[in-house]
Amino acid sequence: YAAIGFLLLLAVAKLVATCVSVGSGNAVGTFAPAIFCGAALGSAIGHIAQELLPNAGVQPGAFALVGMAAVFTAAARAPLTAIVIAFELTSDYDMVLPLMLGAGLANLLAGRLEPDSVYTLPLRKRGIIYADPDDVDIMQVVRVGEVMTADPDVLRGDLPLERAREEFRETRHHGFPV
């Protein structure tokens, strides 16, 4: 039981440390903390299952691997990435179905609780609405200050027409403020 308590303590401590780091505005990653928390939680669940089913041959390491994939999937909404990364750690084909099940359930539950991932939520807070690639409106990502001319060329109202034509030719502008 000491191992279970220690693993849960580690998961909570890492989660708190990551929240403080991200909340303070520091440039920190979310990949490694998600993997760590998932491994700790999965291993704790594996140890609990091992205690409850002593003759079932439960391997807490397998639970840790599935926990890694599940927590990363929930955070990033990238189930295939999580499955492949976790599988490549072991190259154990017997783990593919548990990884798929864990990542799939995590993706489903996380999507129901929060539509944005840890990567898309900051974009939404800045006004950039991430959707399907065809749905992205350029007007959502460009601010007026980024494209406006602060000191535009102007034409005087009393400028002769011939001189105005020359200004259009020389500057290649399509219009002027008057």
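Predicted model: local features only at pLDDT ≥ 70, side-chain atom pairs only at ≥ 80, totals over all residues.
Residues are numbered from 1 along each chain as its sequence is written. Local features need pLDDT of at least 70, side-chain atom pairs count only at pLDDT 80 or more, and totals for chains, interfaces and linings use all residues.

No part of the structure contains a disulfide, a pair of cysteine sulfur atoms within 2.5 Å. C19 has as its nearest cysteine sulfur that of C37, 8.5 Å away, which is too far for a bond. C37 is buried at 9% relative accessibility, whereas C19 is partly exposed at 48%; buried means under 20% relative accessible area, exposed over 50%, and partly exposed in between (1.4 Å probe, protein chains only).

The structure holds three aromatic pairs. Rings of Phe, Tyr and Trp (its six-membered ring) pair if their centres lie within 6.5 Å; planes under 30 degrees apart count as stacked, over 60 as edge-to-face and the rest as tilted. Two of these pairs are listed here.

| Pair | Centre distance | Plane angle | Class |
|---|---|---|---|
| F31 and F72 | 5.1 Å | 80 degrees | edge-to-face |
| F87 and Y93 | 5.0 Å | 55 degrees | tilted |

The pair of F31 in helix 2 (residues 31-52) and F72 in helix 3 (residues 60-76) links distant parts of the chain, 41 residues apart; helices are DSSP runs (H or I, at least four residues), numbered from the N terminus. F72 is buried at 7% relative accessibility, while F31 is partly exposed at 37%.

Methods:
Heavy atoms only, no water. Helix = DSSP H or I, 4+ residues; strand = E, 2+ residues; numbered from the N terminus.
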